[in-house]
Amino acid sequence: MEFKLGGITTGPTSAGPERTKLLILGSGPAGLTAALYAARAELEPLVLTGLEIGGQVALTHIVENYPGFPEGVGGQELVDRFKEQAERFGARLVMDTATEVNLRTRPFQVKTYGNTYEADALIIATGASPRKLGVPGEEELTGRGVSYCATCDGWFFQDKEVIVVGGGDSALEEGLFLTRYASKVTVVHRRDQFRAGALMQKRARENPKMDFIMDTVVTEILGDDQVQAVRLKNVKTGEEYEKPIDGVFIFIGHIPNTDLFKGQLETDERGYLKVHDWVVTSIPGVFAAGEVADPVYRQVITSAGMGAAAAIRAGHYLDELAFEAQEAAKAARE
Ligand code: NAP
C-alpha cells in the first residue's frame, strides 16, 4: 500500500525490490539539487527523503547568504522551492529512510523501513546531525529544556532565561534568534574568542539581551523533570559553579551521518565520507554530496553545488554503464 503526503509518497511502496537508475539518499540542499539536475538529465532519480525533508536548513529561521535572495529567505521556504523545482522535472520523492545498504553488489541494494531498492548509481546526501555535549543530564533532559533547534523550540522560552553553548556562527545566529522570545540569552563558549564571523559577532554584541561567558564549559545539566540549572567550569581558573537557567541550546557543530556506510566506504578520522574530484567516493557509481562529505565549507550553496556535481558525475557513470552493456550485447550477438 502507498500513501501520499503533501505530494510525497510514504510507507511501503511495493512488495519486491524496486529498481531505479539513480537513488538519492537525503533531501537537504545537496539531495534536492542532485534530484533537480538528475531529473533534467532524464536519469529518473528517486529520492529517499529521510524523516525530515530539507535537513538542517529547514530548521533555520532565515538564510541570508544564499544568492538570489537579497532580503534573505526562510529555511523551510527555500527547501519547499528546491523540492518544487526538482519535482517539476520529474524527480520522485519517497518519505522513507535507508536502514541498510549493500554497496558490494551490482546493482546496489538499499533497504528502508518500507521497501528494498536496487540502484545502478547512488548519491549519498545524508547530511550531518547535531553534536552532543556528552555531559550528565543532557540526554535525560533533551526535550525538557535541552534543545538543538532554536527555530523548533524557541517559542517555549517566552520571557525565560536560556544559555546557548558554542562559539561558531550557529551559536550566535541561533542565540540572536532566541532573543525574540527569551528575556536573556547567555552564550557559553569554551575559549576566549569566538569562531563565528565578524558580522555575527557584532550583531550578537550589540543585542542588549545577549550576554557572554567565555573560557567556560558546561559540565552538567541539572533538573528533575525540566532543566533548572547548569554546572559551569571556567577552564582557565578551574572555578566551578551552578547557574540557574530555564533552557540549554547546544550548537557545537555536527557529526556526519555515515554509520550506514561503515566498512564499505572510506571515511576520514572524523567520519566524513572521503571523496576525490569533489563528489566521487571510493566505490565507482557511488557519489557523495553535502555535509556528509564536507568538513570544511558546510554552506547551503556549497552543498547544493556538490549535489549538482554529483548528479552530473552520476549521469556520466550511467552513460558508461549503458555503453558497456550495449557493447557486451553486441559482442554476444557476434
Ligand atoms: P562550528 O563553526 O564548527 O563551531 C562549533 C563551535 O562549537 C566552536 O566554537 C567550537 O569551539 C564549539 N565546540 C565544539 N565542540 C565543543 C564541545 N564539545 N564543547 C563545547 N564547545 C564545543 O559549527 P557551526 O557554528 O555549526 O557552523 C558550521 C558551519 O556553518 C560553519 O562553516 C559556519 O560558518 C556555517 N554557518 C554559517 C552561518 C551564517 O553564515 N549565517 C550560520 C550558521 C552556520 P571552538 O571554537 O573552541 O572550536
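What radius of gyration would a compact globule of 334 residues have, and what does the chain have? I began my entries with this, keeping in mind that the model is predicted. A compact globule with that number of residues would come near 20 Å, and the chain has 22 Å, which agrees.

**Overall form.** I looked up the extent of the chain along its principal axes and found that the C-alpha atoms fill a box of roughly 80 × 40 × 40 Å. The chain has six helices and 21 strands, and 49% of its 334 residues count as buried. I noted an accessible surface of about 16800 Å², with 50% of that area belonging to carbon and sulfur atoms. Taking contacts between residues at least 6 apart in sequence, I read that 60% join residues at least 24 apart.

**E291.** I then turned to E291, which sits in the loop that runs between strand 21 (286-288) and helix 6 (300-333). E291 is buried and yet has no salt bridge, since the nearest side chain of opposite charge, that of R298, is 5.3 Å away, whereas a salt bridge calls for a nitrogen and an oxygen within 4 Å. What I did find is a polar contact of 3.5 Å between the side chains of E291 and Q56. Setting aside neighbours within four places in sequence, I listed the contacts of E291, among them G127, A128, H254, P256 and Y272.

The side chains of E87 and K83 meet at 3.4 Å, N to O. The two residues are four apart in helix 2 (residues 75-88), so about one helical turn separates them. E87 counts as partly exposed at 27% relative accessibility, while K83, at 15%, counts as buried.

D192 forms a salt bridge with K236, with the closest N and O atoms 3.4 Å apart. Because D192 lies in the loop between strand 14 (184-188) and helix 5 (198-206), and K236 in the loop between strand 17 (229-234) and strand 18 (240-244), the pair ties together parts that are 44 residues apart in sequence. D192 is partly exposed, at 48%, and K236 is exposed, at 59%. I also noted that D192 and K236 are linked with D215 in a network of salt bridges.

R313 forms a salt bridge with D277, the closest N and O atoms being 3.9 Å apart. R313 lies in helix 6 and D277 in the loop between strand 20 (254-256) and strand 21, so this pair ties together parts 36 residues apart in sequence. R313 is partly exposed at 34%, and D277 is partly exposed at 49%.

Terms used. Residues are numbered from 1 along each chain as its sequence is written. This is a predicted model: local features need pLDDT of at least 70, side-chain atom pairs count only at pLDDT 80 or more; totals for chains, interfaces and linings use all residues. Side-chain values use heavy atoms; hydrogens and water are left out. Buried means under 20% relative accessible area, exposed over 50%, partly exposed in between (1.4 Å probe, protein chains only). Lys and Arg count as positive and Asp and Glu as negative; His and the chain ends are not counted. A polar contact is a pair of N or O atoms within 3.5 Å; within protein, one must be able to donate a hydrogen and the other to accept it, and residues adjacent in sequence count only if both atoms are side-chain atoms. Contact means heavy atoms within 4.5 Å. The radius of gyration is taken over C-alpha atoms; the globule rule is 2.2 Å times the number of residues to the power 0.38. Accessible areas come from the Shrake-Rupley method with a 1.4 Å probe; for residues, only the protein chains shown count as cover.
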